[in-house]
Amino acid sequence: MLTPPASPSLPEVHRTEIDGVPVFWTGQPGRLSASLLFGVGLAHETFLETGVTHLVEHLAMRRVRTSRYDNNATTGVLCTSFDVSSAPETVTGHLRRVCESLADLDTGPLRLERGVLLAEERGTDGPGVTAWLPSALWFGNRAFGLAGNVQLAAVNAGPQQVRDWCARWFHRGNAALVLSGPPPAGLTLPLRDGPPRQPVEVPPFDLPTPAYTTIPNGVVGCALVDWTAETACAAGVLIHRLTDRLRHLEGLVYDIAFDHQMVGPRRAALGFGADVPDQHAARVADAIRTELAELGRGGPTEEELAVDRAGLAEEIAEREFGVSRAFDAAMSELTGWPSAA
């Protein structure tokens, strides 16, 4: 039997404010990494607006993108992030230019960037079914359920709509900065003023469950759950049990995928499953039902709990964990939801 490790100490997250923007950091060694977050993403859009946040991100990055150091930007479900990693003075300059670009968004290249978004969409498979299906079931073509949709704004968004969206969401009242180390000297965030954050408040559909439907060449389990440490542990145990059974013992699948999306304070839509030929789908579905029932009756074993604790202890010891705690604190600030830490 495994011996549980001693409880590791969590890295401290510091907080300050620069130009009205809350800043979170931990004392991680190495070069400075920064993520300027805005509390807007797919979940804030309507069906016809899908992709307008992504357009703003692309237009803002046109004036600052370079290959001289690591930098990127991403649009997610709940936030948009402008990321940079380099020497402190380089990070400071990059963040200032991002803020200036957002404060005076150039929509001249809008047609070009709409084409880039369409090409990007054609060139990727998009989110996996375990990522978008659970939210789509409980929210439909709105808020969190838009994750699997095409980006309609790449076809129909005009300059004024994009500028209005930028002014509504990309300002100091809806921003937070995450740093891997202390704020460097001279750091400024010259964003426009704006109202406080506007959290997503969309109730899920009241679905009768358990329920079943069919999808081609795969089996996916979906659930709307209270997301707690206990739920996260149980999900990990379930995925390990299904992997042992369906891959190593029965040879039916290669991997078990798992995703979860926070959809409210302590609420998450989660999905898990695997690609599998239709002729084996019934066996995989039966295995999932059996393992779920067994886990519900007896819970995790002592050995499974010890493995979970050991994995968490290893994760806490990694450099990236401190930054993830700072990111979590920033997202709590933007969403108004309690921190998961």
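A cavity is a set of grid points where a 1.4 Å probe fits but cannot get out, and its lining residues have an atom within 4 Å of a point. The model on display is predicted, and the count comes to two cavities of 30 Å³ or more.

**The second largest cavity.** Select Val-219, Leu-242, Leu-246, Ile-256, Phe-272, Gly-273, Ala-274, Val-284 and Ile-288, the residues that line the second largest cavity. Two or more of these lining residues come from each of α7 (229-249), β9 (267-275) and α8 (278-298). Colour β9 separately: with three residues, β9 gives the most to this lining. By class, the lining comprises eight nonpolar residues, one polar residue and no charged residues.

**The largest cavity.** Next, select Gly-39, His-44, Leu-78, Asn-174, Gln-198, Pro-199, Val-200, Met-331, Leu-334, Thr-335 and Trp-337, which line the largest cavity. The space within amounts to about 60 Å³. Here the lining divides into six nonpolar and five polar residues, with no charged residue.

**The second largest pocket.** Finally, turn to an open site, the second largest pocket, whose volume is about 1,000 Å³. Centre the view on Ala-211, Tyr-212, Val-220, Gly-221 and Cys-222, which lie nearest the centre of this pocket among its 34 lining residues. Then display α4 (129-139), β7 (218-226), α7, β9 and α8, the elements that give two or more residues to the pocket lining. Colouring that lining by class shows 27 nonpolar residues, six polar residues and one charged residue.

Definitions and conventions. Residues numbered from 1 in each chain as written. Predicted model: local features only at pLDDT ≥ 70, side-chain atom pairs only at ≥ 80, totals over all residues. Heavy atoms only, no water. 1 Å grid on protein atoms, 1.4 Å probe; cavity = no way out; pocket = protein on both sides within 12 Å on 5 of 7 lines; lining within 4 Å. Points joined across faces, edges and corners; volume = space filled by probe spheres on them. Nonpolar A, V, L, I, M, F, W, Y, C, P; charged D, E, K, R; others polar. Helix = DSSP H or I, 4+ residues; strand = E, 2+ residues; numbered from the N terminus.
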